[in-house]
Structure formats: C-alpha cells, structure tokens
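The following exercises are intended for a reader new to this structure. Please study the sequence and the model before turning to the solutions.

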Amino acid sequence: MTSRTKRATLALTTMAAAVGGFSVALYLILRYQPKPFVRAVRTIFGRVLNPIVISISDRFELETGQQALHHIGRRTGREYRTPLCVVPTPEGYIVPAAFGPDVDWLANLRTTPQAQLTYKRTTYPVIAEVIDRKEAYRLAGGSAGCPCWDQFRIQDFAILRPDGNPGVK
C-alpha cells in the first residue's frame, strides 16, 4: 500500500468514525432531550445544516423525505424555509417537533398559522394547528406515522391542513 493510499484510508476511516460518533450523539440528544444539548443541536441545524439541505435539494431537485415548510417569523416578519419530516394523512400533513415544543418553526406557526408546504416538488398553502401525541397518532391511523416518533419519544406535533381543500391530494 502506498503512502497516498494509506493517507486516504486513514482520512476516510476518521471521517466515518466522526459521522458515526455524531450520529450516536444526535440519537441520544433526540431520545433524552437534555436542554443545553438540544439548544446547541437546534442552533447547528438551523444555521448550518438546514441551509445546506435546502441548497442541495434545490440544486439537484432531490425528492427526499425532508420537505420544506415556508413560514413567517413571529418577531421579524421574515419568511423562513425549514426542511422538515412530514407524514401525509387524509386530513393533512403531520409534522413532528423532534426538538421539543420550543422550536422556532412551531412557535412561528402558533403566531401565524398560515404557511406553505413544499411536498414532492409541489407547494401547497396550509393552515397549521399544534396537536399533541395522541391526536397525531389518531390522524396517522392509530400508530406512529414514522418510527422516529416512538424512538425519540416525540410529544409535540403540528397538523398542516390544506388551505381551502378538504384533504390531501
């Protein structure tokens, strides 16, 4: 093995270990919700990772499980775009608040429930309503709409109902 190959192998191994360590740490933070760590992860996601995810999905027109919620800031009045996991149901789209009830997008929806959801490359006007776990499970057909709901013990959700339409297409 050449020294160049050894360096490349070491770099890839180090990167894989870092990603694995980050994944384990993120899982534990989401699962047990220690407040100082949740705030730090939310900040990293909001300021660093969300713009990267949006940029990549726009540039390559990716159809991922991460969809974008367009909402208005409660303090600034500015439009924000947040990539979120959504679960379609006959009544609308359920969005879990994995980082707890104090996430900015959920607080913004409490203030201004009118928003837009981009789902599978189509943007829909929606009206948001904050719901609890029991209601989210009921709307999702009696069970978790996504395994992460149980894995991370998510308690807070929003239902995004199509504005002016009785159901999801």
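**Exercise 1: A cluster of rings**

Tyr 93 is buried, as is Tyr 124, where buried means under 20% relative accessible area, exposed over 50% and partly exposed in between (1.4 Å probe, protein chains only). The model is predicted: local features need pLDDT of at least 70, side-chain atom pairs count only at pLDDT 80 or more, and totals for chains, interfaces and linings use all residues. Residues are numbered from 1 along each chain as its sequence is written, and side-chain values use heavy atoms, with hydrogens and water left out.

Task: determine which residues ring pairs link into a cluster with Tyr 93.

Solution.
1. Rings of Phe, Tyr and Trp (its six-membered ring) pair if their centres lie within 6.5 Å; planes under 30 degrees apart count as stacked, over 60 as edge-to-face and the rest as tilted. Searching the whole structure gives four aromatic pairs.
2. In one of them, Tyr 93 and Tyr 119 have ring centres 5.1 Å apart and planes at 50°, so the pair is tilted. This pair links distant parts of the chain, with Tyr 93 in strand β4 (residues 92–96) and Tyr 119 in strand β5 (residues 114–119), 26 residues apart. Strands are DSSP runs (E, at least two residues), as are helices (H or I, at least four), numbered from the N terminus.
3. Tyr 93 and Tyr 124 have ring centres 6.0 Å apart and planes at 35°, so this pair is tilted. Here Tyr 124 belongs to strand β6 (residues 122–132), 31 residues from Tyr 93.
4. Ring pairs therefore link Tyr 93, Tyr 119 and Tyr 124 into a cluster.

**Exercise 2: The hairpin**

Task: describe how β5 and β6 are joined.

Solution.
1. Two strands pair if DSSP finds at least two bridges between them; β5 and β6 run antiparallel and are joined by six bridges.
2. Tyr 119 stands opposite Thr 122 in β6.
3. The two strands form a hairpin with two residues between them, and Lys 120 in the turn has a positive phi of about 50°.

**Exercise 3: The nonpolar core**

Task: state how many residues the largest nonpolar core has.

Solution.
1. A nonpolar core is a set of buried Ala, Val, Leu, Ile, Met, Phe, Trp, Tyr and Cys residues joined through side-chain atoms within 4.5 Å.
2. The largest has 19 residues; Tyr 93, Trp 105 and Leu 117 are among those with the most contacts inside it.
3. At least two core residues come from each of β4, α3, β5, β6 and β7 (156–162).
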